[in-house]
Amino acid sequence: MAVGTATQNPALGLAAGIVSHFICDSLPHLDFPPSAQFVDGEIVWDRKMYVFAITDSLIAFGFTLAAWIIRDHFSFTSMLAWGGLGGYLPDLVDNFPLWRDKVHALPGFRRFHAFHMWIHDNWRHTYTMPEYWKLGVITQLVTVIPALWYLVK
Ligand SMILES: [Zn+2]
């Protein structure tokens with residue numbers, strides 16, 4: 001959002017949101033509840049995982065929507081909205097269980113998925129979750145609190 005606000009360019013705000021997603025993915029964090037199951041390194045999407053992912057997404061969407069309404073009055077040039085969309089887009093395209101397998105079959109998206117997973121691989125084998133959940137929570141707080149402060153200041 002800061003890049004978009006500085007430039008007043010929605011495309012740059014969207015791009016900066018996407019880049020920020022990968023920067024945040026490069027830091028140890030909790031992607032899943034501690035009880036999540038894995039098979040061959042891939043998450044098992046059971047009912048509990050769907051509830052967790054949908055709840056997590058709805059909370060993030062609710063905060064972003066509220067900030068968009070209160071701060072930017074639903075403006076389509078809102079850098080908050082474009083940056084937020086960019087920040088969510090990689091997971092929405094690459095990891096949403098209802099269409100992820102179809103997306104991965106599209107040209108280029110299998111490589112995109114490999115890149116997305118490679119970002120996580122920089123830490124996830126060293127700081128395995130949920131074993132290092134405290135580190136995951138700390139990195140999330142250290143990144144989220146300044147971002148929220150920036151939104152409400
Ligand atoms: Zn991601």
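The following dialogue goes through a predicted model and asks what lies behind the terms used for it.

Author: This is a predicted model, so local features need pLDDT of at least 70 and side-chain atom pairs count only at pLDDT 80 or more, while totals for chains, interfaces and linings use all residues. Residues are numbered from 1 along each chain as its sequence is written, and side-chain values use heavy atoms, with hydrogens and water left out.

Reader: What makes a residue a donor of the zinc ion, and which residues are the protein donors?

Author: Donors are N, O and S atoms within 2.8 Å of the metal (3.2 Å for Na, K and Ca); water is not among the atoms, so sites may look incomplete. Here the protein donors are His-21 (NE2), Asp-25 (OD), Asp-91 (OD) and His-116 (NE2). They lie 2.0 to 2.5 Å from the zinc ion. In sequence their spacing reads H-x3-D-x65-D-x24-H.

Reader: Which two helices do His-21 and Asp-91 come from?

Author: His-21 sits in helix 2 (residues 10-25), and Asp-91 in helix 4 (residues 79-94). The two are 70 residues apart, and the pair links distant parts of the chain. Helices here are DSSP runs (H or I, at least four residues), as strands are (E, at least two), numbered from the N terminus.

Reader: Why is the arrangement around the zinc ion called irregular?

Author: Four donors are tetrahedral if all angles lie between 85 and 135 degrees. Four are square planar, and six octahedral, if opposite donors are over 155 degrees apart and all others between 65 and 115. Anything else is irregular. The four donor atoms subtend angles of 88 to 174 degrees, which makes the arrangement irregular.

Reader: What makes Phe-109 and Phe-112 an edge-to-face pair?

Author: Rings of Phe, Tyr and Trp (its six-membered ring) pair if their centres lie within 6.5 Å. Planes under 30 degrees apart are stacked, over 60 edge-to-face, and the rest tilted. By this rule there are nine aromatic pairs. Phe-109 and Phe-112 are 6.3 Å apart, centre to centre, with 75 degrees between the planes. That pair is therefore edge-to-face. Both residues belong to helix 6 (residues 109-124) and are three residues apart, so about one helical turn separates them. Phe-109 has 30% relative accessible area and is therefore partly exposed. Phe-112, at 24%, is partly exposed too.

Reader: Why is the pair of Tyr-127 and Tyr-132 called edge-to-face?

Author: The ring centres are 5.4 Å apart and the planes stand at 85 degrees, so Tyr-127 and Tyr-132 are edge-to-face. Tyr-127 is partly exposed at 34%, and Tyr-132 is partly exposed at 33%.

Reader: Which residues do ring pairs link into a cluster?

Author: The cluster holds Phe-22, Phe-109, Phe-112, Phe-115 and Trp-118.

Reader: How do you know that Arg-124 and Asp-121 form a salt bridge?

Author: A salt bridge is a side-chain nitrogen of Lys or Arg within 4 Å of a carboxyl oxygen of Asp or Glu. Arg-124 and Asp-121 meet at 2.6 Å, N to O, so the pair is a salt bridge. The two are three residues apart in helix 6, which puts about one helical turn between them. Arg-124 is partly exposed at 27%. Asp-121 is partly exposed at 29%.

Reader: How many salt bridges does the structure hold?

Author: It holds three. One of them joins Arg-71 and Asp-72 at 3.9 Å, N to O. Another joins Asp-101 and Arg-100 at 3.8 Å, N to O. Asp-101 is exposed at 57%, whereas Arg-100 is buried at 12%.

Reader: What makes the phi of His-73 worth a remark?

Author: Most residues other than glycine have a negative phi. Phi of His-73 is near 50 degrees, a positive value in a residue other than glycine. Phe-74 also has a positive phi, of about 60 degrees, although it is not a glycine. His-73 lies in the loop between helix 3 (47-72) and helix 4, and Phe-74 is in the loop between helix 3 and helix 4. His-73 has 64% relative accessible area, so His-73 is exposed. Phe-74 has 43%, so Phe-74 is partly exposed.

How values were computed:
Buried < 20%, exposed > 50% of the residue type's maximum accessible area, 1.4 Å probe, protein only.
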